[in-house]
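This report describes one protein model, moving from a single residue to the whole chain. Keep the sequence and the structure in view while reading.

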Amino acid sequence: MAIIVKISVRNLVEYVYRSGSIESGFRTSRAMTEGTRIHQLIQKGYQEHDEKEVFVEADIPYQDFVVRVDGRCDGLLKGEESVTIDEIKSTVHALDDVQEDTYPVHWAQAIFYGYIYAGDHDLSEVTIQLTYVQVKTMEQKKFRRVMTYEEMKSFVYDVIEQYGPFLSVKLEHKEKRNKTSKTLQFPFESYREGQRKLAGAVYKTIDDKKTLFASASTGIGKTISTIFPAVKAIGEGKLEKLFYLTAKTITRTTAEEAFQQLIDHGLDIKVLTITAKDKICFQEETICTSKDCPFADGFYDRINGAVIDILEQEKMIDRTVIERYARKHRLCPFEYSIELAYAVDAVICDYNYIFDPRVSLKRLLEDQKKKTTILVDEAHNLVDRAREMYSAVIHKSNFLQLKREFNNSRLATQAKAINDYLLQVKKSEEYLRKDLDEDLVELLETFIIEAEGELVRTEHALLLDTYFAAQTFVKIAKLYNEQFITYVEVHKSEVMMKLFCLDPSEQILKMGKGFGARVFFSATLIPGDYYKDLLGGQSDDYVISIPSPFARENTEVMIQPLSTRYRDREKTIEPMVHFMKDVIDKKNGNFLIFFPSYQYMRTAYEQFTDYYPSVSTIMQDVGMTEAEREDFLAQFNSERAERLVGFAVLGGIFSEGVDLKGDRLQGVIVVGVGMPQIGFERDIIKDYFQSVGKNGFDYAYVYPGMNKVLQAGGRLIRSDSDTGVIALIDDRFLQKKYQALIPYEWQHYRVGGV
Ligand code: SF4
């Protein structure tokens, strides 16, 4: 039986017909097709016997394969003698600028529908109609062509022929991938304790199409234990694609290494790492227009060839590889990697490509999603990251400025209306609101339409920024429910309004829903119920907890009950630094000491180096570059002549995701219980959870704080034979609440001095 490849008509014709340049991200033909409201309006004008949103599907042979295309035709207009296929497109351009052949891709889409419909109903010809609607004026312009079945068939087969080379590369690779995945062995001699259990749970989750919450200690090798079973599931035909999602660049490298190990063991797989736009951009200034950037100019003319080229040559498509091919084909490296994300087997990327409604990969079809698994690494980070993703902000000053600059225009009127609205909010002094005012959303929607009309003619940085902010606000407003709050901050004449997501669970659940399976894992999903609750867990989800494979006695744990509360710091700093020195003296190797703030860290550092000038020390700095971070970590090596003590902040770049294996680190000291700074947003999170029957203070402060402590302690990675030290400094660690959060691996702690 021939292999069937599914693709939507829209994706197919967009692939074949794309051409031109990247232009600021909103002037694409795709943007022109999003007007659901306009579609409905036109469809309302159809006759009774006409049909709308008609699903069509056909199989078209290509070489040894069958391409199954499908789509939804906007309208079928049934005249007495003929049938018209209507394709509706809304546009921000003046209709005078839209001519019959301006957008061949729209004709192509409609001709596909015409061909399928005519074939199904034995029609020798149909009329193809494109209906363009100007979004502001609602004026319409129609173009019609009568086409015979044979003409449409030849057109459709020609399009498939152009899609063919890409298809051949993909299918040839798929065969090799599945074969090598079937025979692939675990890349180590044996499983570590706990690894098999985790790998088994991940495989079962994929097989059962479920969600798994896995808490697995540092040191068991979580990355390979999640990737390996997912890759095996690909070979078994249970999976087509996987996303390995991380919060930090450093964990992306670990995932790349795991895939590389599998490739070295014979697996043929295409793995892509997506690097953030601002990091990978080739230009000094990120202005993505054909005029300002040669890598944006003509991007779509060259992209198809470049995708095939890289897929034919490479397996691990990491940042360096992307950059090399992007230069070769003169393409924007970021947009190139986004295109590749749809074509490869595995994508290593940030959470936002799946969970953020503004960034997510929208061309992933529902069908593809069902055969895709998401592996969410260090999932405890997703809670706060998701809060950011589902929140949005607007500023009054931007609208006021636009009103002035675009004086006497419809855009100015709209900007003024929003400015006035925010002024009213300021006067009302209602700064915390549970409900969202739909009037504001409507004002912003109209502003967006006016801004689009202006932006196709003029380049204007403030307008573009405000347009994107308004779009985000409207998008988030559509998600708004009782888990959100609206708050306002007033500073002199500025009014800032924020839609703030207090509990992201429902949104995370929604965004992850279409995927075949979801695995949320971390060393510190503690307490389990809290994370399951906030990450959108359901009662029938799978949950496992895997303890450390190493004897806990190999780690000496102590709690020093000194107060690190702000008011006591002056009093306790001296005994604290002496205690630190005593702990450090227990070992010959390197230590990391984590503090709740930079200020506290600097004060302690000064005291420590005053008392103990002979100890080699190093201190984290605010805003370190990637090279500086690497240099900081590189100094922690086991061959040093003298031991090194690193001072760093909790919840920062060195307290999570960095693996200082073996003898590189012999001890960790954590100062304080990691509690986030008391602040307005944290307090409203607290009040919200209190109001829904949870312990608000724990949800807003205690649990996120303890998570940072557990993460920092996890930097001490011991093997079977190594021993190490963890010291926790704070009297609160002895309180019942905190005791309950201390993991089994640390429960043999000793209290007091060394
Ligand atoms: S290279 Fe930079 S400026 Fe050019 S399109 Fe890409 S991100 Fe934009």
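## A residue in strand E24

Leu728 belongs to strand E24, which covers residues 724-729. Helices (H or I, at least four residues) and strands (E, at least two) are DSSP runs, numbered from the N terminus. Leu728 counts as buried because 25 other C-beta atoms lie within 10 Å. By definition, a residue is buried if 20 or more other C-beta atoms lie within 10 Å of its own, exposed if 12 or fewer, and partly exposed in between, with C-beta atoms placed from the backbone.

Leaving out residues up to four places away in sequence, Leu728 touches Ile559, Val670, Val709 and Phe733. Two residues are in contact if their C-beta atoms, placed from the backbone, lie within 7 Å. Ser225 is 503 residues from Leu728 in sequence, and the two C-alpha atoms are 30 Å apart in space.

## Basis of the model

This is a predicted model, in which local features need pLDDT of at least 70 and side-chain atom pairs count only at pLDDT 80 or more, while totals for chains, interfaces and linings use all residues. Residues are numbered from 1 along each chain as its sequence is written.

## The protein as a whole

The protein contains 26 helices and 25 strands. Its radius of gyration is 29 Å, close to the 27 Å that the globule rule gives for 754 residues, so the protein is as compact as a globular protein of that length. The radius is taken over C-alpha atoms, and the rule is 2.2 Å times the number of residues to the power 0.38. Along the principal axes, the C-alpha trace spans about 95 × 70 × 50 Å.

Of the 754 residues, 40% count as buried. Among contacts with a separation of 6 or more, 79% are between residues 24 or more positions apart.

## An annotated span

An unreviewed UniProt entry lists residues 181-436 as "domain: Helicase ATP-binding". UniProt positions are given in the numbering used here, feature names are shortened, and annotations may be inferred rather than shown by experiment. In the model, this span is 51% helix and 13% strand, and its end C-alpha atoms lie 50 Å apart.

## Around the ligand

Of the 13 residues around the ligand, Cys281, Cys288, Cys293, Ala296 and Cys332 come nearest. A residue is near a molecule if its C-beta atom, placed from the backbone, lies within 6 Å of it. The shell is made up of 10 nonpolar residues, two polar and one charged. Here Ala, Val, Leu, Ile, Met, Phe, Trp, Tyr, Cys and Pro count as nonpolar, Asp, Glu, Lys and Arg as charged, and the others, Gly among them, as polar.

Two strands pair if DSSP finds at least two bridges between them.

Strands E15 (residues 484-491) and E16 (residues 494-501) run antiparallel and are joined by eight bridges. Tyr487 stands opposite Lys498 in E16.

## Backbone details in loops

Gln63 is not a glycine, yet it has a positive phi of about 45°. Gln63 lies in the loop between strand E2 (51-62) and strand E3 (65-78), and counts as partly exposed because it has 13 C-beta neighbours inside 10 Å. Glu378, also not a glycine, has a positive phi of about 50°. Glu378 counts as buried, with 22 C-beta neighbours inside 10 Å.
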